[in-house]
Amino acid sequence: MKFTLSWLKNHLDTSASVDAICEALNKVGLEVEGVEDKARTLSAFTIAHVIEAKQHPNADRLRVCMVDTGVGEPVQVVCGAPNARTGMKSVFSPPGTYIPGKDITLGKGVIRGVESNGMLCSAAELELSTDHDGIIDLPDDAPLGASYAQWAGFGDPVIEIAVTPNRADALGIHGIARDLAAAGLGELRHVNVRPVKGAFRCPVSVILDFDVLDRHLCPAFAMRLIRGVRNGPSPDWVQARLKAIGLRPINALVDVTNFMTFAMNRPLHVFDAAKVHGDMVVRRARAGESMVALDGKTYSFSNDHVVICDDRSVESLAGIMGGEASGCSEATTDVLVESALWDPLTTARTGRALGINSDARYRFERGVDPEFCLPGLDLATQMIIDLCGGEASEAVVAGAPPDTSRLIEFPWSEVRRLTGLSLPVPEMKLALTSLGFHVSGTGDRVRVSPPSWRGDIEGKADLVEEIVRIAGLDRVDAIPFPRLVDEVPKPVLTVLQKRTRLAKRTLAARGLVEAVTWSFIARDEAVHFGGGKPELALANPIASDLSDMRPSLLPGLIKAAQRNADRSFGDVALFEVGQVFLGDGEDDQRMAAAAIRRGTARPAGVGRHWDGAGQEISALDAKQDALALLASLGIATGGLQVMPGGPHWMHPGRSATLQFGPKGSVGAFGEIHPRTLKLLDAKGPLVGFEIILDGLPMPKAKPTKMKPRLKLSDFQPVTRDFAFVVDAKTAAGDMVKTAAGADRALISDVSVFDVYEGDKIEAGKKSVALAVTLQSTEKTLTEAEIDAVGGKIVAEMAKRYGASLRG
Amino acid sequence: MTDIRTLEHDTLAAIAAANDEASLDAVRIAALGKAGSVSGLLKSLGGMAPDERKEQGPLINGLRDRVSAAMALRKQALTDAALNARLASERIDVSLPVREGPEACGRLHPISQVIDEITAIFGDMGFSIAEGPDVETDDLNFTKLNFPEGHPAREMHDTFFFAPDKGGKRKLLRTHTSPVQVRTMLAQQPPIRVICPGRTYRCDSDQTHTPMFHQVEGLVIDKGSHMGHLKWILQEFCKAFFEVRDVTMRFRPSFFPFTEPSVEVDIQCSRKGGEIRFGEGEDWLEILGCGMVHPNVLRNVGIDPDVYQGFAWGMGIDRIAMLKYGMPDLRPFFEADVRWLQHYGFRPLDFPTLAGGLSV
C-alpha cells in the first residue's frame, strides 16, 4: 500500500515529519517498506541560470558555461549537452553531489584543460525519466536557487507500507490516518459525506438473483446514474497522486474509482450507461459465459464465479474487474456508478482461479467496511460531479449491508494479564475510542463495540492488541522468566534426540561431512528405494525431480557425491541424519542415519599417500562406519546379526542387512548396486550404509549409575594361532563365533588376523587365520589344557565347515 | 707388591684400551676369568700364612674391586657409545606430511550446529524439545491454528499438498513448525515449555527462499506468562545465541492467525562491508515473529483461555545461522558442496555448551 504525504495530510492534520510518521507507522504495526522522498534525495539539485554558454576552446562538442546558482559568484561548468545555451534556466549540482542516474559522486574536474565546478543535469541523471537528450530546460520564471524537485512537484514523499491481512481498513489512506491520529500524531480529518439527493429515479434497476443459501455472495449492491457528465483527463492534482503511487490515470470517471479505492478503501465500478442494455442482474455465472475484461484479456467463467450482467452479456466480474464493453471512455456522458459488498472468500477464490490480481479484489477478499457501501457511493458521486459535472439520480439499492455490530465484554485487567503492561484506564479507553471503538460502562469491566471497518476484531485479545499497539510495545518491559522449579535444569532430550545428535558427531568424527539434502526426490528414485507410494507424492511439486517424499537418505547422498565428483571432488565421504518417510501417517516418519564413501575416501584417509594407502573404498568400510555408529550410541552389538545380502539397491554379493533378531532389521551396508548408480546418473565405486535410529534397541532402565564390578584375572592370557583352509564361501564371522563357542569359559577373544585366497592354496578355498586368546580366572593353564581347547576348536571347524589346518 | 701394582696398571690400561665389548671381555677373562691374573692372585690367598694373608688380602681384594669397577665403567661407556652410534644412524624425515585424520576433515552442517546451540540455551531455561511429522494434516497446520478456510493468510503459505484421499482430505507438508505447538498442547497439560525445531516446506524458490527450510518454534503455556516474559526470553536468547553483550530489539505489532497480540521482532545491527554486527549500528533486521497464543487456538486444543495463557515464537534456523556465521546465500545449505561444507561446517567435537561457550 502506497500513499503520498500530502494525500495523508488530507486525512490527518499533522505537522509531523516523514521520519516521525514512519516511526509511528512501524509502532502501530503498519510496517514501512520504503520511503521515496525525491525532495530529499534530490535536494542538492537547484535551479540555475546559464549566464553565458560559449564554445570550449579545445573540444567541438563541449560548451563552457558561466552559471548563476543563486548563491555567491557564478561558477564555471563544462557541459556536453547540445541544448546548453546562453540565458537558459536549468538544474545545477555542485561538486560532492551524488548523481543517482550515473551512480557517481561528482567531483571538481578539469575537462580538456578547462576547469569545471559542477554539472548541469539531464532528467535521466536525476532518474526522473530516461530522457538523455540534453540538460533540463526550465521556463524563465523558474525560481533561481530553489530546489528543483520541490519546485517541479516531486516534493511529495511516497510512503509504502506492508498491510497485514487482518488490517483491511489500512488499505485506505483514511484508515492509516486514523491509526496515526490514535497514536498521537495529529488529528483525524473526518470525511463528511453529504447524502446525494437524486434528481430523478435511476432508470436501471438491480436484481440480486441468488438462492437463499447464496445471499452472502452479494449482501448489498448500490448504484446510481449520473447523466450529462463531461469525461476527460482528470485534473493534475488527481493524476499526480495516482501516478505517485504507481497507478496510470485513465480518465476522470475511472480515476475517481481508483482514488476512492486508495483514499477510503472503497472499490467502485463505473459503467458507461449507453453501453448497458436493460437492467442489471447479479448472479452466479453460467458455465461457458465469458467476458473481455478491462485488462483486455478474455476470461471464461464457471458457476463458482459471481458476475454482473445486463440483458445481453456479462458486464463485470463481481468485485474483481469490469468488462471492456461497458467501460467508460472520454465519450461517456451517462455513467452508472456501482458500490457493492462482495463475499471475501468467493472473491479470493475467483481471483485465484482466473489469475486476476486487482486492487478491488485485494480489498474485497480482506473485507471492506460494509457500513461505508452507501456513503461511498455518495462520496464518489460528489467527486464525479465536482470533476465532470452532471446530474445524479437516486440510488438503487438491492439487499442491505449486514449488521456486524457486536459487544465484547472487556475487563481492563486483560491488558496487564497478557502483556504485563499496566496502563491507566483513561489511556486505554482513549486508544480504543480514537480507533473508532465504542466503549460503554464504567469500572473494571466495560463493553466494547468495534467499528464496522474492523471485521478482524473478535474478542478480548484483539482489544489488548489494539491498546498496546497504540500505547507502544516498547513500553512492555522485559521481565525475567522464572524457572518452573528452583533447581539445576533436568535433562530434556529424549533417547532418540540424543541418539540423533550423537550420530551426527560420531559420523563427522569418522571424517564424514554432513549434508542436508531435500526431503523430496524424483519419483523413479523413490520407487527404486522402496518408496513411491501415491500418498507420498506431492500434488504440486516445485520441480519434477523433487516430487516424492524420500524413503531413504541414500539417493540424495549419492547424487550429492556425484555433483561433487563432477566438480573434481570425487573422493567424498558424506553423511546425513534426517527423516525418511514410509507412509503419510504421523507414525510413518523415521529418523535415519546414512553415509556414503566414494573413490578412495576411506576412514583412514583419502587419496594416494606415501604411506602406501590410496586403496578404493570397500563395503567393509561402510560396515565399519555402521558398527562405529552403533558402538558410539552405546548399542550392545552382541545380538547384532550381519545377514549377507542387503536391499536390492545394493550389490547382492557385497552387502548385508543388519538386524537384531529375525524381524528386527535396523539397516544395511554395502556397495551401491550398479543399476542404482545408473538410475541416479552416478558413477562408483560407492559404498554406504543406512540405519533407522528409531529401530535400535532402547537402553535398559537401571536403578543406579553404577557399572558392574571389574573382575581382573591374576593369570596371564595365552594366545594360539590357527590357520584353517575352508571353502571360499565360508563366512569368517561364523568361524569366529564357532571358535569362541568351543570353550566359553576359557576363550576370551577370537580375532581374524589373516585371510588368504590365491595360488598357494587349492582353487575355491581360502585360508582364514584365527588368533584365539585363552584366559583362566583360576589358574595358569598347562600345555595339555591349552592343547585340549585347541583340539576342540579344530574338531568343531572340521565338523561345521570341513576345515583343515593349513600345512 | 710390585707385581700387584704392575698388574693393576697393566689391567686398567688394557680396560681403557678396549674399544669394543669383545676386547673388553677378553681383558675381563684375562684378569678375572678362571685362569685370570687377578683370579690367580685371589686363589693364592688360600695358600698364605695368616699374617701374610692379612697383609696381602686387602691388597688383592682391592685390586679385584678396582679392576671390576673399571671394567663396569668401561662397559657402560662402550654401551653408550654403541647406542649413540646407532641413534646417529637412525633418522626419519619428520617433514613428511601425515594424513590429517578423520577428526580434522569431518564436518557438521551449520544447521545441526545451530540446533545444538539453540537446544543448549533453551534447555538451560527448562524447555523440552518437541517434534512432529513433516507430513501434516490441514487441520493441525492451519485450522487448529486459527487460519480460517480461504483466509488470505493461508494463501501466503505456498503450501505443498499431497493428493486427496478417498474422503477428499489432503495432507500437506507443514509450512511452519507451529503444528507441533498444537500437538504438544493436545498431548500435555500446562505448564508447557517447549521448543520445536524442524524442517518446513513452502513451494517457493529464489535467492532467499528454498522449498525446504528449518524453523524453531517456542511455546509457553501456564497461568501467568505474558509478553514481558516473552520479551526477556527473546532478548536473552539473542544475546546468548549471537554471543554479544547486549542487543537492542524493536517489537512491532504484526499479524499471525495463531497469536493475538502478534509481534514481529527486529534486531538492531550495523552492516559494514557485508558484515553484520549486533548490538551496534542503525539498521534493523527482522529476525522472528511471536505473540500471545490466540484464544481460539487454546480453545481448539481444549485449554480455557481465561485460565491459561502463554506465548509462542518462531524463527528461521537457516536465517539465524546465516546472520551469525555470515553465509551470504541460503541455497548452498542444501547443495552438499563439500567445499562449502568444509568452510561453513563445524568440527565434530565443537559441542556447543553454555559453560564452554556456544562457538569457539
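What share of the 360 residues in chain B is buried? In this predicted model, buried residues make up 42% of chain B. For chain A, with its 807 residues, the corresponding figure is 43%.

Chain B contains 13 helices and 10 strands. Its C-alpha trace spans about 130 × 55 × 45 Å along the principal axes. The radius of gyration of chain B is 42 Å, whereas a compact globule of 360 residues would have a value near 21 Å. Among the contacts in chain B with a separation of 6 or more, 64% join residues 24 or more positions apart.

Chain A is more spread out than a compact globule, because its radius of gyration of 42 Å is well over the 28 Å that the globule rule gives for 807 residues. The box filled by the C-alpha atoms of chain A, taken along the principal axes, is roughly 125 × 85 × 65 Å. Of the contacts in chain A with a separation of 6 or more, 69% are between residues 24 or more positions apart.

What lies inside chain A? In soluble globular proteins, nonpolar side chains tend to be buried together. The largest nonpolar core has 169 residues, and the members that touch the most others are Leu253(A), Val335(A), Val337(A), Ile384(A) and Ile467(A). Helix H7 of chain A, which covers residues 252-264, gives this core its largest share, nine residues.

Finally, the two chains meet each other. Where they do, 77 residues of chain A are in contact with 68 residues of chain B. Several elements of chain A give two or more residues to the side that touches chain B, among them helix H2 (18-28), helix H8 (344-354), helix H13 (460-471), helix H14 (495-509) and helix H16 (554-566). Strands contribute as well, with E30 (513-514) and E33 (573-581) of chain A each giving two or more residues to this side. By residue type, the side of chain A that touches chain B divides into 40 nonpolar, 17 polar and 20 charged residues.

Terms used:
Residues numbered from 1 in each chain as written. Chains lettered and ligands numbered in written order. Predicted model: local features only at pLDDT ≥ 70, side-chain atom pairs only at ≥ 80, totals over all residues. Rg over C-alpha atoms; globule rule 2.2 N^0.38 Å. Buried ≥ 20, exposed ≤ 12 C-beta atoms within 10 Å, placed from the backbone. Contact = placed C-beta atoms within 7 Å. Core = buried A, V, L, I, M, F, W, Y, C linked by C-beta atoms within 7 Å. Helix = DSSP H or I, 4+ residues; strand = E, 2+ residues; numbered from the N terminus. Nonpolar A, V, L, I, M, F, W, Y, C, P; charged D, E, K, R; others polar.
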